Amino acid sequence: MSDKKIKGPLLQVKDLKQHFPIEAGFILKKQVGAVRAVDGISFDVKEGETLGIVGESGCGKSTTVRSIAQLYTPTSGSVVFNGLDLIKAKGKELLDARKNIQLIFQDPYASLDPRMTVRTIISEPLEIYKKRGLLEIDMSKGDIENRVEELMERVGLNRAFKNRYPHEFSGGQRQRIGIARALALNPKIILADEPVSALDVSIQSQILNLLHDLQEELGLTYLFIAHDLAVIEYISTRVAVMYLGKIMELSRSSDLYKNPLHPYTKALLSAAPIPDPVIERKRQRIILTGDVPSPNVERVGCYFYDRCPYRMEKCKTNIPQMKRIDEHHEVACWLY
């Protein structure tokens, strides 16, 4: 994606942790450990940009999104949106803030209620906020109906299909319904949790182009989760590389793909296929040994130590902090 003028931070995440307790015992349950799904991450999302988060399955990407949206109650840390710490906010204050933070889910088959029509699915956020008196302008039933039709056309759906049910649509069309629902309240930021991973490749490009066009038209900000490096490269302004609940590297998209610094980032990029047989034959692949360590174990050294081909004795007992290499590039590695 081409560089564009980006404003200041809209969302600030600092030392966010999301630990899920492990309990033992049938009657008197006792916590015997914790799954450290997200283990102290910090980043900003600037207004108008797309921050991509990439990493292997199970590294904590989706948990990060759900923790930011307060679908999970974070263990600790802060999530500041427009000056408001969402973790400390309660009741009407939190609900009003969440109006500006909407989600697009990974699975368009599971994220839409099969018993609701498209009209009901898209209008539901408007109806909820109208009932609670939190809409910026009062909307009549006719206004909501017009809004539904407008959103359907904006995402490329025929307004005549508004009385149909999700099972009558293809996967790509269902994801368009999910996008329309996310746009209903005019949010400032959209948290997209792998929104194209369940779709065919040809449909993926259509949805990505739609998201890009909507960002340009509506001035949206995206936090975009994916495990596909090509998707992240296309859609993102900046990229955060995540491993075992920690951010390993954070950089502008163009810099990361040209000059990866962290050994894990290099391994990820070397595993991604390149559609050029000459380059593909010549390039060197980095094969990581071993499996991803259990997130149940508290780490005292670098989270990537067990699989890193460049590990040193220092890495075993010291957790590297994010270090700024230049104005737009940060990495958590003792090599730097």
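Residues are numbered from 1 along each chain as its sequence is written, and side-chain values use heavy atoms, with hydrogens and water left out. Because the model is predicted, local features need pLDDT of at least 70 and side-chain atom pairs count only at pLDDT 80 or more, whereas totals for chains, interfaces and linings use all residues.

Side chains of opposite charge can pair when their charged atoms come close. The structure holds 17 salt bridges, a salt bridge being a side-chain nitrogen of Lys or Arg within 4 Å of a carboxyl oxygen of Asp or Glu. One of these joins the side chains of Arg 307 and Glu 56, with an N to O distance of 3.3 Å. The two residues belong to distant parts of the chain, 251 residues apart: Arg 307 lies in the loop between helix H10 (277–282) and helix H11 (313–317), and Glu 56 in the loop between strand E3 (50–54) and helix H1 (61–68). Helices (H or I, at least four residues) and strands (E, at least two) are DSSP runs, numbered from the N terminus. Arg 307 is buried, with a relative accessible area of 9%, while Glu 56 is partly exposed at 26%. Here buried means under 20% relative accessible area, exposed over 50%, and partly exposed in between (1.4 Å probe, protein chains only). When residues up to four places away in sequence are not counted, Arg 307 touches Glu 56, Tyr 243, Leu 288, Thr 289, Gly 290, Asp 291, Val 292 and Pro 293; contact means heavy atoms within 4.5 Å.

A further salt bridge is formed by Arg 66 and Asp 193, whose closest N and O atoms are 2.6 Å apart. Arg 66 lies in helix H1 and Asp 193 in strand E7 (residues 189–193), so this pair ties together parts that are 127 residues apart in sequence. Asp 193 is buried, at 2% relative accessibility. Helix H1 is itself mostly covered, six of its eight residues being buried. The buried residues of H1 are Lys 61, Thr 63, Thr 64, Val 65, Ser 67 and Ile 68. Just after H1, Gln 70 takes a positive phi of about 65°.

Glu 153 and Arg 159 also form a salt bridge, with the closest N and O atoms 2.7 Å apart. Both partners are partly exposed, Glu 153 at 45% relative accessibility and Arg 159 at 35%. Salt bridges that share partners join Arg 119, Glu 145, Glu 149, Glu 153, Arg 159 and Lys 162 into one network.

Attention now turns to helix packing. Two packed helices are described by the angle between their axes and the distance between the axes. The axes are lines fitted to C-alpha atoms, for helices over the stretch in contact, and angles run from 0 to 180 degrees between N-to-C directions. Helix H3 (residues 118–131) packs with helix H4 (residues 141–154) at an angle of about 130°, their axes lying 10 Å apart. H3 and H4 are therefore oblique to each other; angles under 35 degrees count as roughly parallel, over 145 as roughly antiparallel, 65 to 115 as roughly perpendicular and the rest as oblique. The crossing of the two helices is right-handed. A crossing is left-handed if the near helix is turned anticlockwise from the far one by less than a right angle, and right-handed if clockwise. H3 contributes Val 118, Arg 119, Ile 122, Ser 123, Leu 126, Glu 127 and Lys 130 to the contact, and H4 contributes Lys 141, Ile 144, Glu 145, Arg 147, Val 148, Leu 151 and Met 152. By class, the contact of H3 with H4 has seven nonpolar, one polar and six charged residues, where Ala, Val, Leu, Ile, Met, Phe, Trp, Tyr, Cys and Pro count as nonpolar, Asp, Glu, Lys and Arg as charged, and the others, Gly among them, as polar.

Ser 123 of helix H3 is buried, at 8% relative accessibility. Apart from residues up to four places away in sequence, Ser 123 touches Ile 144 and Val 148. The C-alpha atoms of Ser 123 and Tyr 243 are separated by 38 Å, the two residues being 120 residues apart along the chain.

H3 also packs with helix H5 (residues 171–183), at an angle of about 30° and with the axes 7 Å apart. H3 and H5 are therefore roughly parallel to each other, and H3 passes H5 in a right-handed crossing. This contact is made by Val 118, Ile 121, Ile 122 and Pro 125 of H3 and by Ile 177, Ala 180 and Arg 181 of H5. By class, the contact of H3 with H5 has six nonpolar, no polar and one charged residues.
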